[in-house]
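Thanks for coming, everyone. Please look at the structure on the screen, and I'll walk you through it.

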Amino acid sequence: MRIVHLFVICALVFAAAYVYRIKMESTVRTESVLRLRADIRQQRDAIASLKAEWAKLESPKRMQELALRHLSLRSIEAIQYDSLKNLPPRPPSFAKPGDPDPIGTMIESVDLEALAAAASEDETLTGSIPQPEGAR
Amino acid sequence: MTDQITRPPEPWRQRLIRTLLYGRNVDRSAKARARVGLAIIAFSLIYAVIAGRLVMFAVNGDGHGARRTASQDAIATARPDILDRNGMILATDVKTPSLFGEPRRIIDKDEAIELLTATLPDVDAGEVRDRLSSRKGFVWLKREITAQQQKDIYRLGIPGIGFLRENKRVYPSGPVVSHLIGHVNIDNQGIAGIEKWLDSNGLADLHRAGFATDRQQEPVQLAVDLRVEHALRDELMKAKDKYKAKAAAGLVSNVNTGEIIAMVSVPDYDPNNPREANDPTRINRLTTGVYEMGSTFKSLTLAMALDSGRATVNTLYDARAPLTYGKFKIHDTHNLGRSVPMWEVFTESSNVGAARVALSMGVEAHKAFLRKLGQLTRLRTELPESAEPLVPKRWGELNTITIAFGHGMAVAPLQAVMGINALVNGGYLVPPTFLKRSREDAMQVAKQVVKPETSYSMRYLMRLNAEKGTARKADIKGYYVGGKTGTSEKVVNGRYSKKQVLNSFTAIMPADNPQYQLLIMLDEPQGLPETHGFITSGWNAVPTGGKVIERIAPLLGMVPRFDLPPSERLILAASKESR
């Protein structure tokens, strides 16, 4: 009988401690929830005021004033709009698909050293017309 | 039962007492057991109730903390944001601190007043003194101060002075949407425009119940397009200055859905500073004012004749001489001197011709047609401001003659826009709305009022008027504009004045399949050297309309088309095919 009593008392103490811990934990969590909520509210208010500021900055009225002051643009006319349909057809491509890039191969085929050697010998290699005598 | 048998017999005295107390055949031990059982049940019930209540407390949590934070801000309650059709913010809430005082807790009032007025120079010292000397527990000192001011006052460390965070309504686009959106008072209650409509649609009830404190409310999306609204306002302001007009107003509406894309009435006010709104010259002329619409009304007259099937656009009407009715004489601006077909009545804007068209239909038919188009009854929209049209009480033939060309009856311009929308969109009368609405929803509330064929003819007439009539100056290349001008003389001292006119211009675009209608109104424009001194609509309202169209058409997503055939071939031929 005594053992049973002892056991029950132990259980009671343990239960009390356990309940106390749960209570403590829940209080802490409630507080953190409240703090988070306040935080969220604050953030939301901050976002709202930033958004309001942004809307003010990008309002068409302000944009127009800025454009008039800083840009020398005129308003667009109907004739300046066109649809993609009216684009001229794409020019035919001479390179077949799978061929190496034609311009790339052309550049690579140029012998740079030979060029440099030629350049030192002949001034007219660049293709520009040599300055005529007494042009000045 | 068994122990009753084994129990020794009681002495007779005891038996006597027991008999006297409990009755003869009552078993005391059984009764005692029943009583103990009853007590057990009663106590366990009480404990169960207590336990249940504890569980309830635990589940519901204490709302105490939440209530405490809520009471610290949000005196002025939150309102939903208002967005334009593209999601740009038109109105939003921003938290701002407000300064209050608790006079009973202030120790040195003079010092407090001195410090406060030094920090807030725009506060009246006498008023602060009055408020702080009152015996109230709570007084406002200044609503809506800046964050910097709050910091400064906080540093002063005056006891009995505190801050509450309030929601302040701000309108980032300022005066651009003023009339449409309305404004709120210092307690964030809507007192005009869409803001008031929000309150009358349940928001006020939420406020009273104390729920609308956070910004968790669904934003309200309007039909208005801020860019179009700005372009329209900008051009109207320029026109108002250029023609020295008293006022100007403009409206862009979607022909098929009845949405109002832009609505401007200048002079307007800044909703961030609602005091300006009380100035009577700043009223919203499009919904709160009623006007004789002038020749714009001829569209309705001609549509009536076309819709009856008794006339076509080629029917001839007598415009040889001014029309005499009793002692009244109806003139044209210049006498045509011949019979003209209906399309010429429209392009020449002949008063005599229009009057003859109306007379050929009769007074009753005229009245019935205007009623069908909603011109005789008050038009209600989301905006709380609306005006009753002025309709003659006794409507005789003379009234029909004058109303045929838009005099003698005054309607709100928005109402006329609704009527003309119905004439060009295939015959559906769609009540205008300031909220976003899809084509399908519009069709649900729409009512067929004229035949589709009539609608084709009206498109043709409007386009023809831009090709060779009074609306030539608004024929912006590429957008196939159609339109009708109106110049109505204003009544001054009971007589129609030649010098003071109200000009209007109604345009549809594109005329072969209208999407948008534009209305421009100029109040008392003056003649200029470049208009050769003319003050009729074709010289001021129409060019303004042209400029507006040039700016807003790309914003409305209209694709410019060039090399379109003239209206006879494009619209009339198409309508014959569809028949």
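First, a definition: helices (H or I, at least four residues) and strands (E, at least two) are DSSP runs, numbered from the N terminus.

Some ground rules. This is a predicted model, where local features need pLDDT of at least 70, side-chain atom pairs count only at pLDDT 80 or more, and totals for chains, interfaces and linings use all residues. Residues are numbered from 1 along each chain as its sequence is written, while chains are lettered from A and ligands numbered from 1 in the order in which they are written.

Now confidence. pLDDT is the predictor's confidence in each residue, from 0 to 100. Chain B averages 85, and 91% of its residues score at least 70. Residues 65–74 of chain B stay under 50. For the complex, the predictor gives an ipTM of 0.70 and a pTM of 0.75.

Back to helix 15 of chain B. Buried means 20 or more other C-beta atoms within 10 Å of the residue's own; exposed means 12 or fewer, and partly exposed is in between, with C-beta atoms placed from the backbone. The buried ones are B:Asn399, B:Thr400, B:Ile401, B:Thr402, B:Ile403 and B:Ala404. Their cover includes helix 11, strand 9, strand 10, helix 13 and helix 14 of chain B.

Take helix 13 of chain B, residues 351–361. It packs on helix 15 of chain B, residues 397–404, at an angle of about 130°, with axes 8 Å apart. Axes are lines fitted to C-alpha atoms, for helices over the stretch in contact, and angles run from 0 to 180 degrees between N-to-C directions.

Next, the interface. 26 residues of chain B are in contact with 20 residues of chain A. Contact means C-beta atoms, placed from the backbone, within 7 Å. Which element of chain B gives the most to that side? Strand 2 of chain B, with 5 residues.

Last, chain A. It has 4 helices and 0 strands. From the N terminus on, the order is α-α-α-α. Buried residues make up 3% of its 136 residues.

Methods
Contact = placed C-beta atoms within 7 Å.
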